Amino acid sequence: MRAKIANFGLAKTGCNAITMHIVGTQGYIAPEYLADGVVSTKMDVFSFGVVLLEVVSGKEAIDEDGNVLWASAGSILEGNEEDKARKLREWVDSELVLESFSMESIVNVVTVVIACVHKDPSKRPTMVDIVYALCKSDDLFFDISDDGSSTPPIKAR
């Protein structure tokens, strides 16, 4: 889902680059890239957050009306505990609930998603932070081998 950058019209500014030739998949492109052509690793974090949001919600990145899924993600965990639980039930793909993942793990993943798709790239986590946060969800790891002998999951330090 990484946006492609043309070789022309590219100017580097420190760790970021600026281009006016916008290429990428709609729904996965970070807002700062669309607005200013700013290219950074935080764009990848944003796109990863959109993919994770699709997995958790079971919805497409863009709906039939052209609305992007990530735009309303920030409101999922707002409100009191009852509101949060109701919104999570509405947002989360019912297949995840059927797989008996704990609500704590789902909240952990949704928290990561919300951080990844933050409009301000400086407030998005690094990929190292994301891996660490996702590794804290022990029940997201399971044995997929036929005989139960797959290697143990990788744990964060």
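Reply:

A polar atom of the S57 side chain lies 3.1 Å from the backbone nitrogen of K59. S57 belongs to helix α2. The model is a predicted one.

Stay with S57 for a moment. Its side chain also reaches back to the backbone oxygen of L53, at 2.8 Å. Is S57 buried or exposed? Its relative accessible area is 7%, under the 20% cut-off, so S57 counts as buried. Which residues does S57 touch, beyond its neighbours within four places in sequence? They are L69, W91, V92 and D93. Just after α2 comes G58, with a positive phi of about 75 degrees.

Now go to the other end. S40 sits in the loop between β3 and α2. S40 caps the N-terminal end of α2. A side-chain oxygen of S40 lies 3.2 Å from the backbone nitrogen of K42. S40 has a relative accessible area of 16%. This is under 20%, so S40 is buried.

α2 covers residues 41-57. It has 17 residues. From the first C-alpha of α2 to the last is 24 Å, close to the 24 Å expected at 1.5 Å a residue. Among the elements of the chain, α2 has the highest mean pLDDT, 94.

How many residues of α2 are buried? Twelve of the 17 are, and the helix is mostly covered.

Take α5 next. Its 14 residues should span 20 Å at 1.5 Å a residue. The end C-alpha atoms of α5 are 20 Å apart, which agrees. Buried residues of α5 include S105, I106, N108, V109 and V110. V112, V113, I114 and C116 are buried too. The cover over the buried residues of α5 includes α2, α3 and α6.

V112 touches L52, I130, A133 and L134, leaving out residues up to four places away in sequence. I130 lies in helix α6.

Beyond four places in sequence, I130 is in contact with V45, F48, V112, C116 and P125. I130 and F48 are 82 residues apart along the chain, yet their C-alpha atoms are separated by 9.8 Å.

As a general point, nonpolar side chains in soluble globular proteins tend to be buried together.

T25 lies between β2 (16-19) and α1. T25 is partly exposed, with a relative accessible area of 39%. T25 and S47 are 22 residues apart in sequence and 9.6 Å apart in space, C-alpha to C-alpha.

Step back to the whole chain. It has six helices and three strands. From the N terminus on, their order is β-β-α-β-α-α-α-α-α. Of the 157 residues, 34% count as buried. Among contacts with a separation of 6 or more, 48% join residues 24 or more positions apart. The accessible surface comes to about 10,000 Å², and carbon and sulfur atoms hold 56% of it.

Finally, a word on confidence. The chain averages a pLDDT of 78, and 71% of the residues score at least 70. Over residues 1-13 the pLDDT is below 50, and this stretch has 27 contacts in the model beyond near neighbours in sequence. Strand β1 (residues 10-13) has the lowest mean among the elements, 47. Where pLDDT is low, the predicted coordinates should not be read in detail.

Terms used
Residues numbered from 1 in each chain as written. Predicted model: local features only at pLDDT ≥ 70, side-chain atom pairs only at ≥ 80, totals over all residues. Heavy atoms only, no water. pLDDT = per-residue confidence, 0-100. Helix = DSSP H or I, 4+ residues; strand = E, 2+ residues; numbered from the N terminus. Contact = heavy atoms within 4.5 Å. Expected span 1.5 Å × (residues − 1). Buried < 20%, exposed > 50% of the residue type's maximum accessible area, 1.4 Å probe, protein only. Polar contact = N/O pair within 3.5 Å; in protein donor to acceptor, adjacent residues only side chain to side chain. Areas by Shrake-Rupley, 256 points an atom, 1.4 Å probe, with all protein chains shown as cover.
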